[in-house]
Amino acid sequence: MTTTPFRLAQYLVLGIVTAYSLAAHAGVSVGQPAPDFSGVDSNGNQHILSQYKGKTVVLEWTNHDCPYVKKHYNSGNMQTLQKQATANGVVWLSIISSRPGKQGHVRGAKANDLTRSRNAAPTAVILDETSAIGRLYGAKTTPHMYIIDKTGQLVYMGGIDSIPSSDEADIAGAKNYVRAALDAMTAGKTIEDSITRPYGCSVKY
Amino acid sequence: MMICQTTGFVRVSIIATLLFASLLMAATEDKSSRIKTPHLTASLVSEHKGVVSGQPFWVALHFDIVPEWHTYWQNAGDSGNPPRIDWELPEGFSASEIHWPYPQRLPVGPLMNYGYSDQAMLLVEVTPPGALPPGQTIELLADVKWLVCKVQCIPEEGSFSLSLPVIAASRQTPSAWADAFSDARQRLPQPLPWSATVDVNASQLTVDIDMTDVDASQLHDVYFYPVSYGIVEHAARQSYTVNDSTLTITLMRGDLRGQSLKQLDGVLLIAERTADGMLKRAFTVTTPAAPIQSSSSLGIILLFALSGGLLLNIMPCVFPILSLKALQIVQTAAQTPAVVRSNGVAFTLGVLISFAMIAALLLLLRASGEAIGWGFQLQSPSFVLVLAWLLFAMGLLFSGLWSFGENFMGLGQQLTTRRGVVGAFFTGVLAVIVATPCTAPFMGAALGYALSQSNVTALLIFIVLGFGMALPWLLISFWPGLSNRLPKPGAWMELTKQILAFPLYATVAWLLWVLSQQVDQASLLVAFMSLVLLSFFLWCWQKLRTKTRLIYKAALVLLLILALAATLGQQHAPASANHQNEGEWQAYDPVRLNELQRNGQAVLVNFTAAWCITCLVNEKVAISRPTVQSQLREQGVVYMKADWTNKDPRITEMLNRYGRNGVPLYLLFPGNGRDALVLPNILTVGILTDALQQVAARE
C-alpha cells in the first residue's frame, strides 16, 4: 500500500470528515438506554447494572462530607426515600466516585459505618474509586440522582429536589423530584420533571 | 450546627472549620455591614454616602475572597450555587435582581464552574420612595446565603445591615466604594450591538454574530456563558471561527438537548488584544433560536453520506475487492445488457443489505448498552482471522491454486446468468466487509452523528453510504454499449487476475499484524498454521474436484470448517495487556491524564487502533516524524496512546465525550486547565507543530 495516493484520498475526505466531526454528541440522555457498568460495593460484591433489568434502579452520587449531602442525611430525607423505594422493590445504588485522597473517598468498612450510623438503606454502596462510573454517567454533583426503569432506559437525571440549598429547612418546601418520578412510575404516569439541575458539591474526580 | 455521629480526622477538621466559621458569624450576628469568615469577607456597601428621595441608587454585595477560593455566578455551572439575597427594606423601597459582572471559568477536573475568585461585586439597584424626609436614616437589611468553595464547599450565611442618611440631591457624595462600583460596571454585560442568529440541532448550537467593529486577527478569547442550567455543556470546548466579520461559535448542547430551545440567553465574552492591552467586553445575548429544518439537514447529511460512499471506492481496503469487480465487469461486458444490468443491481443490493445489517447489529448492541463504536467488528480477533481466511482463499483463487464450481469466475468462460447474479451479490457483501477497516477511521465521525439520530435515520444514513459505494458500478452496468468501450476478454485477464492476488496477500499480511496486537503468541502461531491448513485443503479440493463424488467434497468442506472453527477457539487474548510504556509514549489512562492536567502538564493523546489505517498513516507521516517528536520533548508534552485495537470502555467513553464513535481522534491538552484542542483527523507535521506552538504560546 503506497501512502501517496492514499494521502491524496485523505485530503479529499478531510472536508467531509471535519464537517461531521463537529456534529456528533454522546453521553447519557433521558429516554435512551442507560450505559451498563459494573462496580464493587462496600462488602466486596460486584454489581452489574444489566443484572437489574426488570427492576427500577436509582443511582445516588454521594460524598458524606459534602454539606449538600449532609442536608439530606442529617434531616433523614435521603434515608426515608431510600427506605420507601427499596420497600417497593427499587434497587438503590449509592455511588462514591471520590478519588483516593479526595473528600468523600472511603473504604468499605467506613462506608458500612456511614450506612449504619446514618441509618441509611441503600441496596449497596458502590466504591467507584477510579471514577469510571461517575464519568460514564457524567455525574457532576453530590447528590446527583439518576433513575433507570425496568427496561434499562434512563428516565430521570438531575437534582434530588427543587430548592438548591444546603439548608435543611428548605426540604419541607421543596419538590422532591426523585420521589415524584418514582411515584409517577408506580402509577404508570409520565414523569413530569425528567431532567433537572443537579445541585451540590462537585464530584471529587 | 451539624452534629455528626461519625469520627475521622478529616471529618473532625472540617467540623472544626465549620464551627470556627459559625462562631465568627455568631460574633458578628448583630447585623453589621461586614462579615468575615475564614474564606472571605462579605460586605453590603453603597456607592454613595446617602439616599436622595426618589432617586434610585446602587448597593452591592462585595466578597473579598481568600486565594484559591471562589463564589459563584448566576449560573454556577456544573456544581456550586449562586448567592441568594433576601431583602428586608423600609416601606416603599424596592430592590432589583442582582446585576452580575461577567464571571471567570473555574474548571474542576472534568467539570466546569462559573464564578469569581479574589473579588466579587454583585450590584443591586434600590429605588426609594419619592417623599423621604431629609435627616432620617434608613436601614437596608439583607439575609444572604452563599457558597464558597476551594475543592470542598462551605455554605455560609449572614445578616447584613446598611444604614444610610436621607440627604438632599446637592449634598450627595460618592462613598469609598465608588471606584469598585465603576469597575464592576465595566464588567456588566452590555446589550449586544450586533445582529446574531442561533441555529439549533439535536447536539449543538451554532451562534453567528455579525461583528462590525472587532479586528478578527486580534481576537484572543471568545466564550459564551449560558445563564441557566442544561442549555450548554459547560465543560465542553467551545470553538469559534471568524469569517469576514462573522463570528461563529459552536456550542455543545447540555442536558436539556432533548427539548426544544426557543431562545438562547447568556453572556458573550470577547477578549481582544489592543494597543492598550487586553480589552475584555461582555455582551448580553438574548437571541431567538431557530431549529435547523430537520428535513433539509437530513438531506445534506444524506448527500454527505452519498459522497462519502463514493469516496470509499478509492480507499485502499476496498481496492482488492474492487479489482475483482472490475474483472467481473470486463468479463460480463460481452453479455447482453440485461445480464450486465442485473449483475449491477445484484452487486448494489449486496452492498446495501450488508451495510444495513452491520448498522442494525451496531444499533442493537448499543441499545443493549454495549459501549461500542463503529469498527467494533475489528475489535474481535475472530472477525479479523475470518477476514484473513476469506482474503487468503481469494488470493489463492486468483493465483490459480484452486477454482470454484465449473464456470464461476472462470475467466474467459461464459457466466450463466443466475450464477453471475449470485456472484455479484456476494462481491457486494465482501466489498462491505473488507471496507470496514476503511470506513471506521474515515467515516467514524459521520457514523457517530448517524448513531446520535433516531434508529430509522441512522439506518438510512448507513444505507445511503452503501448506495454511494455501489453507485459507480451501478452506473457502469447501465452504460449503453459498454462492451464496445472495454477491452475484449482474453489471456491478459488471466495475467491481471494473477497479479491482483498480491494486493490480497498484502491485506492478509496486514490483518495478521492486526491479529498479532490482539492475541498471545501461541494463538498467533495457530492462526498462521490455519492459513497453511486452508491452502492445503484448497489444494486437496482442486485435486479431488473433478474425480470425487459430492459426498466426499461435502465431507472435505465440513472438515475444513471444523478445523477453522477449532482455530478460532484457540485465539486467546494475551495474559497481560500490552500496556507497558514504550520509549516515547505512555499508554492512555484517564486517571493519569487527569493527574497530568492538574499538574499543568500538556498532553497529546492519540486515539488509535491497529486496524485503523488512517491512524497508522497519521502516526507514520506526522506524529512519529523527528520534527514533531523533538518538539514534544522540548515542550515537555506527554504523548499518550489510547489503543482501541481491542475493546476498552474507558477509551470509548472518552471518544463519546468528544462526540466521536471511532478512531482516530487527536486531543492536545494545553495543561493550563483549558479544554483540549481537537486536532483534525488527517494530521500533517505542519498541523501538529502549529498546534504545539499554540499551546506553548498560551502558557
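Tutor: The side chain of His47(A) and that of Asp41(A) make a polar contact at 2.7 Å (a pair of N or O atoms within 3.5 Å; within protein, one must be able to donate a hydrogen and the other to accept it, and residues adjacent in sequence count only if both atoms are side-chain atoms). This is a predicted model, in which local features need pLDDT of at least 70 and side-chain atom pairs count only at pLDDT 80 or more, while totals for chains, interfaces and linings use all residues. Residues are numbered from 1 along each chain as its sequence is written, chains are lettered from A and ligands numbered from 1 in the order in which they are written, and side-chain values use heavy atoms, without hydrogens and water.

His47(A) belongs to strand β2 (residues 46-48) of chain A; strands are DSSP runs of E, at least two residues, numbered from the N terminus. With a relative accessible area of 8%, His47(A) is buried (under 20% relative accessible area; 1.4 Å probe, protein chains only). Beyond four places in sequence, His47(A) touches Asp41(A) and also Phe37(A), Ser38(A), Gly39(A), Tyr52(A), Leu93(A), Ala124(A) and Ile126(A), where contact means heavy atoms within 4.5 Å.

As for confidence, chain A averages a pLDDT of 85, and 87% of the residues score at least 70; pLDDT is the predictor's confidence in each residue, from 0 to 100. Over residues 1-26 of chain A, pLDDT stays under 50. Where pLDDT is low, the predicted coordinates should not be read in detail.

Notes. Helix = DSSP H or I, 4+ residues; strand = E, 2+ residues; numbered from the N terminus. Buried < 20%, exposed > 50% of the residue type's maximum accessible area, 1.4 Å probe, protein only.
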